[in-house]
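Hi,

Here is the structure I promised to pass on.

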Amino acid sequence: MNNLFDIACNFSSDRFDSDLNEVIKRAKDNKVTKFLIVSASLEDTKKVNNIYKDNKDSCFFTIGVHPHNANEFNSSSSLQMKHLIEEYKPHSVGETGLDFFRNISTYEEQLFAFEQQIQIAVETNLPLFLHQRDAHDDFMKTISKYKNNISKAVVHCFTGTQKELDDYLEMGFHIGLTGWVCDERRNVELRKSLINIPIEKLMIETDCPYLIPRNLKDKPKNNRNEPSYLPHIAREIALLIDIDKDKLIDITYKNSLNFFS
């Protein structure tokens, strides 16, 4: 089996504090050799960067503010974020976007933080690492204004409709798929739509420690997802889009490496 690239690892989560080195070793033993460490807030930056520095041979990382934490993003945050980008030199801006499913931050706070981070990505010529849940219309209305200026973008953890997929592909965005696709009960339409993702736009991810695949045979007692399960997700996606698993792994690895490099 070829090497895999997990484009969504929330390694700054306290659920990895006690055994992150073992988690990374377990992943590498399962041929997962590259990881994108995702930031959820500006306070994450130092911890994320320290993890990156300890694993430079295998890791990439982002700087950004998740929509859940948009209430932390105020008028001075853009300047702070630019300084952090200049100091730490991340590979992407994010995780940023809109999440109206939980509304942990208000509608106005999310829109403000999202648009500010799009502008920062444009200014720094960095790729965008995007999140969208139950907010597609406002998401597209906001980001479409910058269509001609965004260098690259990936909508990670795609769980949407064919219409949403068409909108993202029309914008030229990449699509990240998680173990969410492994639940055949709730994802009938999603599983059908995967065949319509151009293989050159596809990436794969665990979004660990979240979204452990439902059909994983040997789940850990703590129900924590981790990168070593990415081969399981890759096999499921390969079956759904009717492609050789090793070919899928090879292409998505190259897509991800090119995108974040």
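Predicted model: local features only at pLDDT ≥ 70, side-chain atom pairs only at ≥ 80, totals over all residues.

Numbering starts from 1 along each chain as its sequence is written, and side-chain values use heavy atoms, with hydrogens and water left out.

Helices (H or I, at least four residues) and strands (E, at least two) are DSSP runs, numbered from the N terminus. I use "buried" for under 20% relative accessible area, "exposed" for over 50% and "partly exposed" for in between, with a 1.4 Å probe and protein chains only.

Helix 1 covers residues 20–29, and its buried residues are Leu20, Val23, Ile24 and Ala27. Looking down the axis of helix 1, these buried residues fall within an arc of 95°, so they line one face of the helix. (The arc is that of the directions from the helix axis to the C-beta atoms.) Asn21, Lys25 and Asp29 are exposed on the other side of helix 1. The cover over the buried residues of helix 1 includes strand 2 (32–37) and helix 2 (45–54), where contact means heavy atoms within 4.5 Å.

Serine 12 sits in the loop between strand 1 (4–9) and helix 1. Its relative accessibility is 12%, and serine 12 therefore counts as buried. If you set aside neighbours within four places in sequence, serine 12 touches Val38, Asp44, Lys47, Val48 and Ile51.

**Helix 4 against helix 5**

Two packed helices are described by the angle between their axes and the distance between the axes. For helix 4 (residues 107–124) and helix 5 (residues 136–143), the axes come within 10 Å and cross at roughly 35°. Axes here are lines fitted to C-alpha atoms, for helices over the stretch in contact, and angles run from 0 to 180 degrees between N-to-C directions. The crossing of helix 4 and helix 5 is right-handed, that is, the near helix is turned clockwise from the far one by less than a right angle.

Which residues meet here? From helix 4 they are Tyr107, Leu111, Phe114, Glu115 and Ile118, and from helix 5 Asp138, Phe139, Thr142 and Ile143. The residues of this contact split into six nonpolar, one polar and two charged.

Two residues in the neighbouring loops have positive phi values. Asparagine 125, in the loop between helix 4 and strand 5 (128–133), has phi near 60° without being a glycine. Aspartate 134, in the loop between strand 5 and helix 5, is not a glycine either and has a positive phi of about 55°. Asparagine 125 is exposed at a relative accessible area of 54%, and aspartate 134 is exposed with 54% as well.

**Helix 6**

The buried residues of helix 6 (residues 162–170) are Glu164, Leu165, Asp167 and Tyr168. They cover an arc of only 160° around the axis, which puts them on the same side of helix 6. The face turned away from that buried side carries the exposed residues Lys163 and Glu170. Covering the buried residues of helix 6 are, among others, strand 5, helix 5, strand 6 (153–155), strand 7 (174–177) and helix 7 (188–193). Just after helix 6, glycine 172 has a positive phi of about 85°.

**Threonine 252**

Threonine 252 is in helix 9 (residues 245–260) and is buried, with a relative accessible area of 2%. Beyond its neighbours within four places in sequence, threonine 252 contacts Leu202, Met203 and Ile204. Glycine 176 is 76 residues away from threonine 252 in sequence, with 9.6 Å between them in space, C-alpha to C-alpha.

**Cis peptides**

The bond from glycine 94 to glutamate 95 is cis, with omega near 20°, and glutamate 95 is in strand 4 (residues 92–99). Another cis peptide bond joins cysteine 208 and proline 209, with omega about 10°; proline 209 lies in the loop between strand 8 (202–204) and helix 8 (230–241).

Cheers

Notes
Nonpolar A, V, L, I, M, F, W, Y, C, P; charged D, E, K, R; others polar.
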